[in-house]
Amino acid sequence: MPDLNVILLQLFAGLSRGMVLFLLSAGLSLIFGVMNVLNFAHATFWLFAGYVTVTIYSYLAEMFEPGFVLLVPAVIGATALMVVLGLVVERFLIRRMYNRELPEQLLLTFALVLIIGDGIKLIWGVQNRRIFLPVTPVEAFGVFINPYYFFIIGAGLTVAIGLWAFLHLTKYGKIVRAAVFSRDMVSALGIPIPMIYAGVFAAGIGIAAFAAGIFSPLLPMALGTDIAIIIQCFAVVVIGGFGSILGTFVASLLVGIVYSFSILIWPDGALAIIFLIVIAVLIWRPWGLFGTELRT
Amino acid sequence: MTPRDSNVRANWRIRLATGDGLSLPVVLLLFVGFLLVPLLPGRFWIIVATEILILGLFAMSFNLLHGYMGQISFGHAAFFGIGAYATGLLMRYFKGTGAGDLGYFEFFFSLLAGPPVAALGALVVGFFCVRLTGIYFAILTLAFGELLYYIVFSWYSFTKGDDGVQGLLPPALFQNAINFYYFTLLVVALAVCLMWRIVNSPFGYILRTIRDNQRRTAFLGINVRAHMLANFVIAGAFAGVAGALWGPFQRSIAPGLLGWEQSGIAVFMALIGGAKLFIGPMLGSVVYTFLHAWVTIYTVYWPLTIGLIILAIVIFAPGGLLGLVKERLGARSKRPTSPEQSAATPETGGAQ
Amino acid sequence: MSGDILVVQGLQKSFGGLRVTRDISLNLAEGNREAIIGPNGAGKSTFFNLLTGYHRPDSGTVTFEGKDITGWTPHKVARAGIARAFQVSNIFVNMTARENVRAAVHAQLGEIYNIFGAARAIGNERTEEILALCGLAERQNVLAGELSQGDKKKLELALALGGKPKLLLLDEPTAGMSLEETRATMELVDRLNAEFGLTILFTEHDMSVVFNHAQRVTLLHRGEIIVQGTPDEVRKDSTAQKIYLGEHEL
């Protein structure tokens, strides 16, 4: 019977991972829902943002006291940079692919995986990067836990709720949701579709950047992480269903927790277990647990 | 003389411009080229040509799913790798700890084991993947590919994991690069001929209808899923042939052969050469392999390079090299010179 | 009733909360030519979708040649002998007209798993027969995507015939056609019925086509049957007249 300590630790780790997966998958799902483009490079943008965050933080840490406070400008800076990058990529690359067939769109974002991934190597080399936050473990639930976990879970929840609120309560959000449903209707109403697309893409990338930023103190940024993560994101959107924030949320937590706990039971098999869930879902409910009937 | 005969005879240019017409001269050119490679000085060209042939076959097997059936698989290398491991592990087993070379019977037996094992893998994976198409197919194949890579990577006791399997020497006769090269050329040529037959059979034409309109195909009374699965298995088998050859060629195998990067190679070759034409991927292999060999002399940032090239091709020339050629020919034959020709006005868009 | 090739009982279908098909029942006698009419959105295409397995009915049964085919998938329904020509051309655009029809013929001949034979050498007789019947012989080597609208419609029909069907469902076969094309198309339909014994069920907006070529008519409105009978009976029905007031002249 594993230690209660260990279980709780894994639970928090799993929830944190789930939060990050959610932020990434929500962006992926939104981009696909609105623009019908599957951004293979989504996790690669995320990784890039992580490296940028670490770089900014390290730079600031040389001048000031290293600590949580410095993380804030680092994350903000990285997010801003990535939003700009997202806008550029959308304007000059993705935009050309809207009327193309699916395989060509997939190839484009797949090529971006290679370009950005190798670009990371070019800029930062092969070394892992991470941030070491000086933290004192805090006692909670009878166990000592890194308080940073709370921060991640909190930040993730805030963004999740914010995203939901934006999509359901604001005028712009409703337009975006309408665009998922019918591009033509929205365009017929005189709302410029290219702007919506640019906005959605940049927002998706921005959220991914934020996720990378807050995760960087927990996990080293390493080459190749992007592929493992994007596959988990795919698992999440398949399990949860494209186009459902709630589904994405639930599925993310599920995948995150399963991943963390399988490290206890079967360390190498984490991905395999998630995989089996994906297969099961695809057999019984191909449109995901919360999704609506498949889009063709 | 039926209208069809006169159509066919009078419009060789249009025929050239449509898919199969263009392939034939290119195939002949390539084959003659391949035959003559050993005339070039040194071992370098022979090695490169062997690699082009094997990877080209791999890419053509991928194109059965892509150009002919309209799907994109990011996990096709899993079957290439399974073929490689089936053959490689058998070769290892037969060689045992003995000092002598592998026997010829054992060598051919090992080679023959590759495709059926790969086909079996494709049957299992395909069963799940063909349930859905488009995006989901792409995601699923990627995920399955990574899963199989992971299994090979982790199962150290059976596959030697990340260490890979070394020392896969073919029998004495084939240790000579030229001999092995001609052997490879023979196998690949036979495989390509077989593929040509399959692609032009009734089965092959149904693949095209599935590509063009899956729903309508079902309304013709065809079980689309079963058909796709059959094709998936066939494609996997051909990938297994390529994989089987790879081990003795490189003298070693590693789990990376099953991964997404290897899968990407097939996708890129098909894109570069032209996915809508039969021999396109082989042509793509020629270009890709040379490019790879050349660029890696100067820089280690190959993924960045190929990524940029693919980006450019996808945006500006999605039909690949042969697609561009076809466009040129199609444009030229647009001028009507006979009544039959004016009835057909070929489009010059890439997607034919 | 014996001699009925198709018996539909109480077919129901809803999408989300919307009822698109309400309690539709129909008896189609073998060898008949019948029409289904109704304003746009009446549920005519949905009805065909339910018959051919594209949608699964919520309740009700469909019996074809005595066999219960309710809920069968499209490919099984097609193999049972029901073929459908679509309203919007649903052809294989990157293949020639000949290859299109040939594929349908191969499917019917059971050749689709033949991986070693040459497609060009199989099923040619029947392919050419169908092409000639549908008036596509001249343009058989043209890519289907490049055919004129009228030719695409012809190919639509040719594809449906490839499977040697016993029941032919035609979704607005003369939509968008000129007077001459309409005449030619319906002449072919009549011929398929009289000479080849195909049972025909078609939907139409063109009332003259309906009255000149249908033996019985079913009027649908908002997913349910309003009236069924001979064209004359339907024309005289007061509810039918109300529905069409302002839309057509019956």
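**View 1. The helices of chain B.** In this predicted model, chain B has 18 helices and zero strands. The chain counts 352 residues, and 55% of them are buried. Consider the contacts in chain B with a separation of 6 or more: 79% of these join residues 24 or more positions apart. The model as a whole scores ipTM 0.90 and pTM 0.88.

**View 2. Where chain B touches chain A.** Here, 30 residues of chain B are in contact with 28 residues of chain A. Three helices of chain B each supply at least two residues of the side that touches chain A: α7 (134–154), α14 (260–273) and α16 (302–316). Helix α7(B) gives the most to this side, with ten residues. By type, the residues on the side of chain B that touches chain A comprise 23 nonpolar, five polar and two charged.

**View 3. Helix α1 of chain C.** Helix α1(C) spans residues 44–51. The helix is mostly covered, with seven of its eight residues buried. The buried residues are C:K44, C:T46, C:F47, C:F48, C:N49, C:L50 and C:L51. An α-helix has 3.6 residues a turn, so residues three or four places apart point the same way.

**View 4. After helix α1 of chain C.** C:G53 follows α1(C). The phi of C:G53 is positive, near 85 degrees. How confident is the prediction for this chain, by average pLDDT? Chain C averages a pLDDT of 89. In chain C, 97% of the residues score at least 70. Where pLDDT is low, the predicted coordinates should not be read in detail.

Conventions: Residues numbered from 1 in each chain as written. Chains lettered and ligands numbered in written order. Predicted model: local features only at pLDDT ≥ 70, side-chain atom pairs only at ≥ 80, totals over all residues. pLDDT = per-residue confidence, 0-100. Contact = placed C-beta atoms within 7 Å. Helix = DSSP H or I, 4+ residues; strand = E, 2+ residues; numbered from the N terminus. Nonpolar A, V, L, I, M, F, W, Y, C, P; charged D, E, K, R; others polar. Buried ≥ 20, exposed ≤ 12 C-beta atoms within 10 Å, placed from the backbone.
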